[in-house]
Amino acid sequence: MKIIEIPAVEADRLLPLLQDLHALHAAHQPERHTPAPDSTGLAAWLQEWLREETIFALAAESPQGALLGYLIYELQNRPALPIRMAETRAMLHHISVTEAWRRMGVGKALVEAMRAQALAAGATVVAATYAPFNTASAALMQGMGMDPVLTMAEWRA
């Protein structure tokens, strides 16, 4: 397995894993997520997102070229405020591992690669959000030394 960057022009390689991840979220939170987004629209959105200068996609690739997992993160330069110090934060937005490769170190390898890349770019904080039902993500983040610091609550009409 090797960790590679996925450029925007190859965004469609991430679609099967993204669709798996999205289906999990749609099943647990149907009021928040479109049940089965159109593949063409999803690919176009993903490609546009990955074109942004601060958005990066990393993938774990098998020797045969199959993707075992991916993550997408953003480098955020947050200026100092009267209530907060300045920071450059690497915000992990998505992580997904193919079912057959879960619990085999793929997620950990992706987060480690992200952290190294982000630190080299000047990040001082690595952060992630994950849904309360996603115990796999919670365990991965905790295993990577990341502890919850905020809880978000919402009401929907």
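I began with a definition: two strands pair if DSSP finds at least two bridges between them. Strands are DSSP runs (E, at least two residues), numbered from the N terminus.

I noted that this is a predicted model, where local features need pLDDT of at least 70, side-chain atom pairs count only at pLDDT 80 or more, and totals for chains, interfaces and linings use all residues. Residues are numbered from 1 along each chain as its sequence is written, and side-chain values use heavy atoms, with hydrogens and water left out.

**Entry: the sheet**

I looked up the strand order. Five strands make an open sheet, ordered S1-S2-S3-S4-S5, with mixed pairing. S1 (2-5) and S5 (125-128) are the edge strands, and each pairs on one side only. The twist averages 30° from one strand to the next (axes are lines fitted to C-alpha atoms; angles run from 0 to 180 degrees between N-to-C directions). I reminded myself that strands of a sheet pair through backbone hydrogen bonds, either parallel or antiparallel.

**Entry: S1 and S2**

I checked how S1 meets S2 (residues 55-61). The two run antiparallel, joined by four bridges. Lysine 2 is opposite glutamate 61 of S2. Isoleucine 3 has alanine 60 of S2 as its bridge partner.

**Entry: S2 and S3**

I moved on to S3 (residues 67-78). Seven bridges tie S2 to S3, again antiparallel. Leucine 58 stands opposite leucine 71 in S3. The hairpin of S2 and S3 has five residues between the strands. There, glycine 65 takes a positive phi near 95°.
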